[in-house]
Amino acid sequence: MEQERYVYEVGDKVVHTDFGEGLVVEIRERPFYDVLEVVFAGGVKRLTSIHPLLRPKPMTAEIIPLRPPRAKRRSPLPNGTRLSYLVLDGAPALLLDRVAKGRIEEWEDYRLLLEAEEISAERGFESLLCLDHVKGVDRLGYQRDACYRVLREMRGRGLLADEVGLGKTIEAGMVLKEYMLRGLVRRVLVLVPASLTNQWREELATKFLLDFVIAGRRGDWSKHDLLICSLDTAKTARNHRRLLEEHFDLVIVDEAHRLRNHQTLAWKFVSALNSKYLLLLTATPVQNDLRELYNLINLLRPGALGTYRAFRRKYMVRGDKRLPKNTAELSNLLKQVMIRTTRAKTNIKFPKRTVNIVPFALTDEERVLYDAVTDFVRDRFADNDRTQFLKWHFVSMVLQKEIGSSTPAAQHTLRRARSDPRYKNHWAELERLYGLGQNVTHHAKLEGLLRILPQVDDKAIVFTQFKSTMEFLSARLREEGYTTVVFHGGMPTADKDNAIQEFRKKVRILVSTEAGGEGRNLHFCRTVVNYDLPWNPMKVEQRIGRVHRLGQTGDIHIYNMSTENTVESHVLEILHRKIDMFQLVIGEMDMILGDYAEKKSFEAAVFHIWAGAKTRRELERRFQDLGDQLALNRRRYESIKRLDEEIFGG
Amino acid sequence: MEILERSGSKLETAGEGVFACALGDELARFLGRPMVTFTFQRRAAMNGRADLAAPGSWLHDQLLRFARDRGRVARAYLGPRPGLDAKQLAAERLSVSAEDLASLERRYGSLLVFTFRIFYYSDPAAEVLLHLGYDAERRRISRRGLPRLLADAQPVANPNGYHPAPAPDVGAAFSAVWTAVEDEVELRVRGLEEAGRTAYEARIHVVENYYRQLLAEEKRLMESRASRKGHDESKGRIDLLKVEWERRMKEEADRLRPQVVARLCAVAVLQVPLEKWGKVGTGTGAWVDTVRGESWTENGGDHCAKEGNGG
């Protein structure tokens, strides 16, 4: 009997006895048969439509898995399943072990459990389980709605494009936690800018109780299930290939506007990642033109906006790549894949900030020490011997920061360095500097702080970068009759929690190192004193972010101690006067820093200018240039914000 | 209320429709407080006098969670069905006269009841509780009448002097039950997939159209290119697009397919009284399940009594 001829069409699924399942991607018609181009797992093959080993795959096979022969159906128990879409969740092995060992509980409890299970039955994502498993997360309606939309309507692939400061990270964390609690997600990759890796890890740990690992080394990718990595590290040749071999249940990309260009390695890399669910986070999906938006959506749902040519014809005004047309239709399409909440829509009032610059001059002894340390640092920086330069680079940068913080902080390093064999060549100079430090008896900045504190009628956090400064301040403030508590990265978690509790309940001043800026919610306090100023603006932003956050009801007061003619005074000039950083919404600094946000390069730029400038004039000019660059970035960011508002509506 | 009583909490009335409850130690630890004042009336709760304990409230949810954490492995005993004549059933099974039979053995057998909560993440979504039994005597899945058996079971053995059951092979039991779960899930997923087929096909159609258009655009470009280099570039891109098309289709199919999560909630070990009847001196005979009225011989062959089945 003649076999029934099947007329293939492009897009048909086929099964080949040798090559397995494939997809017909092209057909060339011939008089008695067609030549099919079929993509199999092993590559593209050209076959005739009457090839005896080829047959169309049953229509139902697309979504209904073929039932394997009965004999081979045994599951790899108890942890595996034979159905790709079925997950055995929880820890059944523990329960089975208890049955085997006869460790039984009360029958009445069992009966109650069955009743409770019956009552608790839900349907899909009707409620968010994650809300009972997060800590310190404000349960805001718009965040919950975003979470539901991603889970229900977008089936785990969406663009979270809320305005800066509304908590995109929280929304992504809630989606992630919800999926994990329900057993739908196990392997997760979070791709973020390098400057935010620690912040993400900390937030996911403290708020969502998820232990992510910052990955980057070869073994990390398959060893851990929960990974955070900078996009730059992930896309390097070394990691790129390895990551593409992995399968992730969920990939989250923060600051996803970095994927706006489809010709970049970053876009191609994310596009090629194997991931069931994908969340892209950006406050500014469009920075230059609508193609960027198209590229982002195409990562999430290829084809949702058609080909670019079709998209351009239908939704872009000819001659202006920034102007959309058919906006109602475009908006409907975007709604299927993008969530954008604006501050105006949330009715959330963000408190005002008042910024106070507290200028003061160093005492004569402090000035002598500061200048001597600076000269020492500049000499090391100018060293032509590459080995010496590298040896001293980090130490001298720390020393320069310490002397900008307090004399005790610098003395701490000088005391150790003057007898450290590694620095033997410069022991005499270090000894001399240490001696100068011993002469300092009055601390101008401390006195400045003591003048400010009586003006603060409530609690205050005094931030410093160094533990030595923290201890010095804490002791001196106590001598002055203030109640204080310290907080630093080396404390055990329980002590940290106790310190925050004490501060909340009875203590007036928290003296904290940068670690105080990580994860913990301090919004019951409204005053921040930057006793010293980190050269990295992201760290300054994190400090402010501890008190100026959702949930803060009062106005915020920021005091910046500014010493004349120091590195910090230049940094403050740029951050305060040039870009008005202290009025930025949390999250905006990263956008303005642009490339400077990566790899501590702003900090490095500051140090290079300070230590490398030959003359005072050169120093001023180079800081001026750096400030101008950031000011330009800020203007550019403002125009991007306006463009996004125009496209998506304020 | 039952949960509160079981946890050793002491309940008192503290006004109209308001209850004050000194919590038992375990529940107090779980809720993080030594006592709760609660009401089932929304008005009283709105006055701030008490926590609402109605379905959907925080307290209600917490109590359910507390209950679901306990009693996950339990044992209970069933008694012989009144009026069931085990000897007669054995005689029928062996096709001999009842007078020729004597009681050879009386002991319990284990029926393990596994309770799964199965979540179907699909459109429409569903969540079901599935009870599956495993008869450790006959090494087979048993579904019949499980709710009734669970309701009839008592935490103490009946006084008829049945010997304890041998320890069941828990691994084999779970293995068999899990295969049954997979079958159940597979069947249900087919139904769900049918229900969601329209949305699925629409999305697949979008992907297909997109790649078809891309290929068409690239081909037009290739044809318009005069240089060999440009031609080869286009050809390379076309090949890549084809591979990507395949990958995307798989990705979308994977994502849009219902996702199912099965969670083992509890295991009950039901002790079923069994009687073995046979000819004296032969050692062989027929077993009778005195609850469900089923009989079988050790060399195979089952039989269910015509009169009822115990569930």
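The structure is a predicted model, in which local features need pLDDT of at least 70, side-chain atom pairs count only at pLDDT 80 or more, and totals for chains, interfaces and linings use all residues. Residues are numbered from 1 along each chain as its sequence is written, while chains are lettered from A and ligands numbered from 1 in the order in which they are written.

In chain A, an open sheet is formed by seven strands with parallel pairing, in the order β9-β10-β8-β11-β12-β7-β13. Helices (H or I, at least four residues) and strands (E, at least two) are DSSP runs, numbered from the N terminus; two strands pair if DSSP finds at least two bridges between them. The edges are held by β9 (213–214) and β13 (338–339) of chain A, each with a single partner strand, so one side of each has no neighbour in the sheet. Helix α5 (residues 197–208) of chain A packs on the sheet and touches β8 (188–192), β9 and β10 (226–230) of chain A, its direction making about 155° with that of β10(A). Contact here requires C-beta atoms, placed from the backbone, within 7 Å; axes are lines fitted to C-alpha atoms, for helices over the stretch in contact, and angles run from 0 to 180 degrees between N-to-C directions.

Five of the five residues of β10(A) are buried, so the strand is largely enclosed by the rest of the structure. A residue is buried if 20 or more other C-beta atoms, placed from the backbone, lie within 10 Å of its own, exposed if 12 or fewer, and partly exposed in between. In a regular strand the side chains alternate between the two faces of the sheet. In β10(A), A:Leu226, A:Ile228 and A:Ser230 point one way, and A:Leu227 and A:Cys229 the other way.

A:Thr342 lies in the loop between β13 and α13 (343–346) of chain A and counts as partly exposed, with 16 C-beta neighbours inside 10 Å. A:Thr342 and A:Tyr142 are 200 residues apart in sequence, and their C-alpha atoms are 10.0 Å apart.

Chain B comprises nine helices and 12 strands. Of its 311 residues, 37% count as buried.

Key:
Two residues are in contact if their C-beta atoms, placed from the backbone, lie within 7 Å.
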